Amino acid sequence: GDRDITHVSLGEAAKASLLRRNDAGNMVVERGVIAVGTPPRLPERGVALAVKLRQFNADHWRRLFEPDAGGAAAPTAGSAALPISQIDLRTDELTLYGRTIAALHLNAQLAGRQWKAEVKSRDAAGQLTWDGQGAGRLTGRLTHLTIPEAPTAKADVAASATADEMPSIDLAVEHFSLHGNELGRLNLKADNARDGYWNAQLEVRNDDATLSGEGRWRPSSTAPETQLDFKLASRNIERLLDRLGYADAVRR
């Protein structure tokens, strides 16, 4: 009478097990597992979410939990309703904000109010920390990060997904590539301002040049605004233009 266990399955596609205990008359989830595309393994504590799929559309699930889109509010991590504290996501193709991330393995643990994650993929690898208080804060130390050009067919998806408040960011990347161009080391720090702008400081450094500056961005699905104030110092303009995809534009 002090504990019960619930098993749920959708054929072989998804399975869940939740172990609850009686806490002063309230049944509280003690530990459990939700598994999609992979065998369920009950953890020693907390609730684990394990997903292994060839394709995973995070935009679809994100929109389901947006209140203004008719979805229900997502349960808070660590809440009594569904205290998910571990995530193991493996997918050949993840779609997020209209972009695709290939061959992704994300392993995350909840520590207090922060998620600490290790990311491995073709486009990004390293350590990330997410604090969901307020608009959120993302801290990352990555060995590499590649941002490809967004497919034109998905531009509307990315535009409609623009958040009213961007999270604060403290990101360092050893090898940063943008639209197929290797740009070197990236340092980016950004915070929300009360006037609705997202203020950022950035530095991109490689053997040929250093780009440093400040920027302000106001997100909007109809009229976004961007302001930049930067300094570009080049040690070799010929090699820099080659790096940016303009081969033989300048010589000697």
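Tutor: What follows starts with the model as a whole, settles on one core and its surroundings, and then turns to the other end of the chain.

This is a predicted model, in which local features need pLDDT of at least 70, side-chain atom pairs count only at pLDDT 80 or more, and totals for chains, interfaces and linings use all residues. Residues are numbered from 1 along each chain as its sequence is written, and side-chain values use heavy atoms, with hydrogens and water left out.

The pLDDT is the predictor's confidence in each residue, from 0 to 100. It averages 85 over the protein chain, and 86% of the residues score at least 70. Two stretches should be read with caution. Residues 67-80 stay under 50, and the model gives them 16 contacts beyond four places in sequence; a contact means heavy atoms within 4.5 Å. Residues 154-163 are also below 50, with 14 contacts beyond near neighbours in sequence.

The chain has three helices and 14 strands. These are DSSP runs numbered from the N terminus: helices are H or I with at least four residues, strands are E with at least two. Of the 252 residues, 29% are buried. Buried means under 20% relative accessible area, exposed means over 50%, and partly exposed lies in between (1.4 Å probe, protein chains only).

Now the part to look at closely: the largest nonpolar core. A nonpolar core is a set of buried Ala, Val, Leu, Ile, Met, Phe, Trp, Tyr and Cys residues joined through side-chain atoms within 4.5 Å. In soluble globular proteins, nonpolar side chains tend to be buried together. This core has 14 residues, and those that touch the most other members are L145, I169, L171, V173, F176, L186 and L188. Four strands each supply at least two of its residues: β9 (137-147), β10 (168-178), β11 (181-192) and β12 (198-205). Take V173 as an example. With neighbours within four places in sequence left aside, V173 is in contact with L142, H144, L145, G184, R185 and L186. Another core lies apart from this one; its seven residues include V51, F56, L94 and V119.

The loop between β10 and β11 holds H179. H179 has a positive phi of about 55 degrees although it is not a glycine. Most residues other than glycine have a negative phi. With a relative accessible area of 40%, H179 counts as partly exposed.

Rings of Phe, Tyr and Trp (its six-membered ring) pair if their centres lie within 6.5 Å; planes under 30 degrees apart count as stacked, over 60 as edge-to-face and the rest as tilted. By this rule there is one aromatic pair. The ring centres of W198 and W217 are 6.1 Å apart and their planes stand at 80 degrees, so the pair is edge-to-face. It links distant parts of the chain, since W198 is in β12 and W217, 19 residues away, is in β13 (residues 209-218). W198 is buried because its relative accessible area is 13%, whereas W217 is partly exposed at 24%.

β13 also contains E214, which is partly exposed, with a relative accessible area of 48%. E214 and A200 are 14 residues apart along the chain, yet their C-alpha atoms are separated by 5.6 Å. Beyond four places in sequence, the contacts of E214 are A200, Q201, Q227, L228 and D229. The charged end of R216 sits over the ring of Y197, 3.9 Å from its centre; this requires NZ of Lys or CZ of Arg within 6 Å of the ring centre and within 35 degrees of the ring normal.

For contrast, turn to β1 (residues 3-10). How many of its eight residues are buried? The count is zero. Two strands pair if DSSP finds at least two bridges between them. Eight bridges join β1 to β2 (residues 14-23), and the two run antiparallel. In β2, L18 is the bridge partner of T6. The two strands form a hairpin with three residues between them, and G11 in the turn has a positive phi of about 55 degrees.
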